[in-house]
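The sequence and the model are shown below.

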2 protein chains.
Amino acid sequence: MSQDPKGFATHDHSSCVRSAIQAAEAACAARHVQLTPVRRRVLEILLESHVAMGAYDVLARLDAEGLGSKPPVAYRALGFLVDQGFVHRIERLNAFVACAQPGASHDPAFMICRGCGKVAEAEASAALAQPAALSGFQVEQTVIEAEGLCPACQPEHAA
Amino acid sequence: MSQDPKGFATHDHSSCVRSAIQAAEAACAARHVQLTPVRRRVLEILLESHVAMGAYDVLARLDAEGLGSKPPVAYRALGFLVDQGFVHRIERLNAFVACAQPGASHDPAFMICRGCGKVAEAEASAALAQPAALSGFQVEQTVIEAEGLCPACQPEHAA
DNA sequence: AGTGTGTATGTTATAACATAACAAGAGCAT
DNA sequence: ATGCTCTTGTTATGTTATAACATACACACT
């Protein structure tokens, strides 16, 4: 698929959230796994923005809401959401971001704005297919993360 | 350049080490920075294998040799080596590996074997060029890390 | 109702990774 | 000898992540 990366463009965020939650609910039902209150709330928290959050930031929110105060609570919920593909881990930041394209590609690529922290999701070209084939390496999972500046955070060059 | 990834193939490792050290010495001289004993030793330690090491593993080695026992010693040396391009940080592992291709590309891509831990370095195709252009994102640095199995660690399928 | 099973959560403790901040030495130029 | 810069030493702490064990809850079977 050659989809628009979507990430940084302004968009109807509330519908973005709604569809993500619905997709998660549907997927959980289909897979016979539970979107429990903690798990659902963590997903909602991450969906509030397209900014990546650390596990302890998420935990602080849970704590404030009385949903849990100890690290494993946050890590377990995040682990579940990552396993189900509703949330992605950003290795570069040791942080987590809600999946922007529910149902779309696994092994996505990310563009991380160092200005505003927003993370956009894009299609991962098979970046290592050729060298892997050459060397006989069997790729199981690929991390592709670019850091830089989103359009809104770039210094105006013309004016 | 469309270079052989080299990584997992057996090779003359001592010459591999020698050339890396020489390249580092030359580069340091050219840039008027110092390859001090600690820095040099850290590079040598990482060069002993193509396996990524955590900062604390490196530190343990330094400590055993009387070269330093506190985290900042290791992190400073590693930071220097990364800045100079002699060592790469593997985000996925929170670990460090000696650069296998002194002088070659910046922004390399890595293949990480989950069996033996070896890390091979390859050319990073411009994996995000297209989506970045589409969305107006200005890429400054890219992390490309594939995890999987190197040829030696793949279960024999035929026999 | 009682019991077993599986899944999820609560809690303690600790492991693993990383850096801020300040003190002290070493080399070199003035 | 004084000041400057770079490097290292050290203390303390911050940040990220998980192992291990206890508890609870739901459902299924008898």
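How do the residues of the surface near DNA strand C divide into nonpolar, polar and charged? They divide into 10 nonpolar, 5 polar and 3 charged; Ala, Val, Leu, Ile, Met, Phe, Trp, Tyr, Cys and Pro count as nonpolar, Asp, Glu, Lys and Arg as charged, and the others, Gly among them, as polar. The model is predicted: local features need pLDDT of at least 70, side-chain atom pairs count only at pLDDT 80 or more, and totals for chains, interfaces and linings use all residues. Residues are numbered from 1 along each chain as its sequence is written, while chains are lettered from A and ligands numbered from 1 in the order in which they are written.

**The DNA strands**

A residue is near a strand if its C-beta atom, placed from the backbone, lies within 6 Å of it. Around DNA strand C there are 18 residues, of which T36(A), P72(A), G54(B), P71(B) and N94(B) come nearest. At least two residues of this surface are supplied by each of α2 (37-47) and α4 of chain A and α3 and α4 of chain B. Helices (H or I, at least four residues) and strands (E, at least two) are DSSP runs, numbered from the N terminus. The largest share near DNA strand C, 4 residues, comes from α4(A).

DNA strand D has 19 residues around it, and P71(A), N94(A), T36(B), K70(B) and P72(B) come nearest. Two or more residues are given to this surface by α3 (55-64) and α4 (71-83) of chain A, and by α2 (37-47) and α4 of chain B. Here α4(B) provides the largest share, 4 residues. The surface near DNA strand D comprises 11 nonpolar, 5 polar and 3 charged residues.

**Two helices of chain B**

Helix α3 (residues 55-64) and helix α4 (residues 71-84) of chain B have axes that come within 9 Å and cross at roughly 110°. Axes are lines fitted to C-alpha atoms, for helices over the stretch in contact, and angles run from 0 to 180 degrees between N-to-C directions. α3(B) and α4(B) are therefore roughly perpendicular to each other, a term for angles of 65 to 115 degrees. A55(B), V58(B), L59(B) and L62(B) in α3(B) meet P71(B), V73(B), A74(B), Y75(B) and L78(B) in α4(B). By class, this contact has 9 nonpolar, no polar and no charged residues.

**Strands and the chain contact**

Two strands pair if DSSP finds at least two bridges between them.

| Strands | Bridges |
|---|---|
| β1(A) and β2(A) | 4 bridges |
| β3(A) and β4(A) | 4 bridges |
| β5(A) and β5(B) | 11 bridges |

β1(A) and β2(A) form a hairpin with 4 residues between them, and N94(A) in the turn has a positive phi of about 45°. H88(A) stands opposite V97(A) in β2(A). In β5(B), T142(B) is the bridge partner of A146(A).

An open sheet of 6 strands runs in the order β4(A)-β3(A)-β5(A)-β5(B)-β3(B)-β4(B), with mixed pairing. β4 of chain A and β4 of chain B stand at the edges, each with a single partner strand, so one side of each is left without a neighbour in the sheet. The twist averages 20° from one strand to the next.

Between the chains, 36 residues of chain B are in contact with 36 residues of chain A; contact requires C-beta atoms, placed from the backbone, to lie within 7 Å. On the side of chain B that touches chain A, β5(B) gives the largest share, 12 residues. This side has 20 nonpolar, 9 polar and 7 charged residues.

Notes:
Angles under 35 degrees count as roughly parallel, over 145 as roughly antiparallel, 65 to 115 as roughly perpendicular and the rest as oblique. Two residues are in contact if their C-beta atoms, placed from the backbone, lie within 7 Å.
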